[in-house]
Amino acid sequence: MATTHPPHAEHEQGPAAMRYWVVWVLLLVGTFLTFGLSRVHLPSPFHLLVALAIASGKSMLVVLFFMHLWDHPGANRLVFATSIFFIALLVGLVVMDNATRYDLLNPARGATLQMEPPGPDLLTPRGPPEPSRRLDTPGVEEGTGPSR
Amino acid sequence: MRPEPEAATAAYVAHHFPDLRTQEHAARLGMWLFLATELLLFGGLFTAYSVYRYLYPATFAEASQHLSVAAGTINTIVLITSSLTVALAHHYAHHGKGRRAALLLLVTLGFAVVFLLIKAWEWSHDFHEGLLPGRYFHSTELTANGAPMFFTLYFLLTGLHGLHVVIGMTVLAVLMVLCWLGTYDHGYSTPVELGGMYWHLVDLVWIFLYPLLYLI
C-alpha cells in the first residue's frame, strides 16, 4: 500500500463549505422549477418526463456533492450506478410488460368493461343465465331449480 | 489544538487494515452497498407505483389533487435544507470542530421534527377525509376507479420514508452527542460521514416522491 495518494490529496482536506451552500441553492431552484412546471400542465408524456428529469438532476447533485461521490474512487460509483441500473430495469420491464398486454387483461382499463370478447364465447354460448334462473340464487333450493 | 493526524488517527485503525485510508474506503464502500439495498427496497414500491400509475393515469392525477401541495413543497425544502446542515456538520467534524457539528446536527433534528409534524398533519387530514389505503378507502368526493390503490401506494411510500426519517434521526442524535463530546475532533470523522449518507438517502427518496405523489 503506497503511503501517498496524490490524486486524493485534495480530499484529505475536504471541499470547502461554500460548495454545500451552492448545491443547496441549486436544489431549491430545482424544487421551485419542478413545482412551477407542474402548474403549467405540459402535454402528457412531457409532464412526467420533465418532473423525472429535474428529480434526477437534483438527486445527482445530492449524490455527487453531499454524498461525496464526486471526490471518491470508482468502486462506490459502481455500486450506486449498478443499483440505479437494476431499479431502471425492474421498473422499465414491469411497465413494458403491462403496456404490451392484451388490453382485456388489464383490469384497470376503463375500456375493458365495455369490450366484447375477441371471438365466440365457447364456455357460455348462449350467454350467462338470467339471475333468477341461476342455481345459486338465494331462495332457490337445490333440485327444484330449472334443469339445464 | 488538532494533533498531528498520523499519530492521532493510528488509534482508530482496526488491526486488519493497513492504514486509516483503506479502512475509510472499506467503510464507505460498505455503506454504499447498504444504501444500494435500501434503494432496491424503495425500488419495489416505485415499481408498484409505476404499474398502477400506468394503469390508472387519470385517477392518479385526480387523487393527487387531494394531497396538499403546499405541505409537500414545504417538506421538500425542509429535507433539502436538513441535508445541507448534515453535509456542513460532517464538514466541520472533519475539520475538528465537533461542537459546531453537533449544533448543526441539532438543527437537522429540528428540521426532521418539522418534517414529521407536517407529515402527521397530512396523514390526519387524509384519515379524516377517508383517503385510506385499499378497502378502508371511503372518500365521498373521490370515487374514481383505482383511487384506493393510489392511497395504498401513498401510505406505503410515505410510511416507509417516514420510518427512514425516524431511523435517520436516531443515528444523527447519537452522532450529535458524540460530536459534542469531541469524539471526532482528532482527524477521524467517518461515522459522521456514513450517518450523513443515510440522511442524504432519505432526502434522495423524497426528491422523487415529491413530484410523483404531489405534482401529477
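How many of the 148 residues of chain A count as buried? The share is 16%. The legends below describe a predicted model.

**View 1. Chain A is built from helices.** Chain A has 5 helices and 0 strands. Along the sequence, the pattern reads α-α-α-α-α. Take the contacts in chain A with a separation of 6 or more: 35% of them join residues 24 or more positions apart.

**View 2. Chain A carries two assigned domains.** The domain assignment places domain 1 of chain A at 15–71 and domain 2 at 72–103. At the meeting point, 4 residues of domain 1 of chain A are in contact with 4 residues of domain 2 of chain A. On the domain 1 side, these residues divide into 2 nonpolar, 1 polar and 1 charged.

**View 3. Chain A meets chain B.** The contact takes 36 residues from chain A and 39 residues from chain B. On chain A, helices α2 (17–40), α3 (44–66) and α4 (74–99) each supply at least two residues to the side that touches chain B. Which of them gives the most? It is α4(A), with 14 residues. By class, the side of chain A that touches chain B has 24 nonpolar, 11 polar and 1 charged residues.

**View 4. The largest nonpolar core has 76 residues.** Those with the most contacts inside this core include B:A89, B:A101, B:L105 and B:F150. B:C179, B:L209 and B:L213 are also among them. Helix α7 (residues 190–214) of chain B gives the largest share of this core, 16 residues. In soluble globular proteins, nonpolar side chains tend to be buried together.

**View 5. A closer look at B:C179.** B:C179 is one of the residues with the most contacts inside the largest nonpolar core.

View 6. Chain A averages a pLDDT of 75, and 60% of the residues score at least 70. Over residues 1–12 of chain A, the pLDDT is below 50. Beyond near neighbours in sequence, this stretch has 4 contacts in the model. The pLDDT is also below 50 over residues 142–148 of chain A. That stretch has 3 contacts beyond near neighbours in sequence.

Terms used:
Residues are numbered from 1 along each chain as its sequence is written. Chains are lettered from A and ligands numbered from 1 in the order in which they are written. This is a predicted model: local features need pLDDT of at least 70, side-chain atom pairs count only at pLDDT 80 or more; totals for chains, interfaces and linings use all residues. A nonpolar core is a set of buried Ala, Val, Leu, Ile, Met, Phe, Trp, Tyr and Cys residues joined through C-beta atoms within 7 Å. A residue is buried if 20 or more other C-beta atoms lie within 10 Å of its own, exposed if 12 or fewer, and partly exposed in between; C-beta atoms are placed from the backbone. Helices (H or I, at least four residues) and strands (E, at least two) are DSSP runs, numbered from the N terminus. Two residues are in contact if their C-beta atoms, placed from the backbone, lie within 7 Å. Ala, Val, Leu, Ile, Met, Phe, Trp, Tyr, Cys and Pro count as nonpolar, Asp, Glu, Lys and Arg as charged, and the others, Gly among them, as polar. Domain bounds come from an automatic or database domain assignment. pLDDT is the predictor's confidence in each residue, from 0 to 100.
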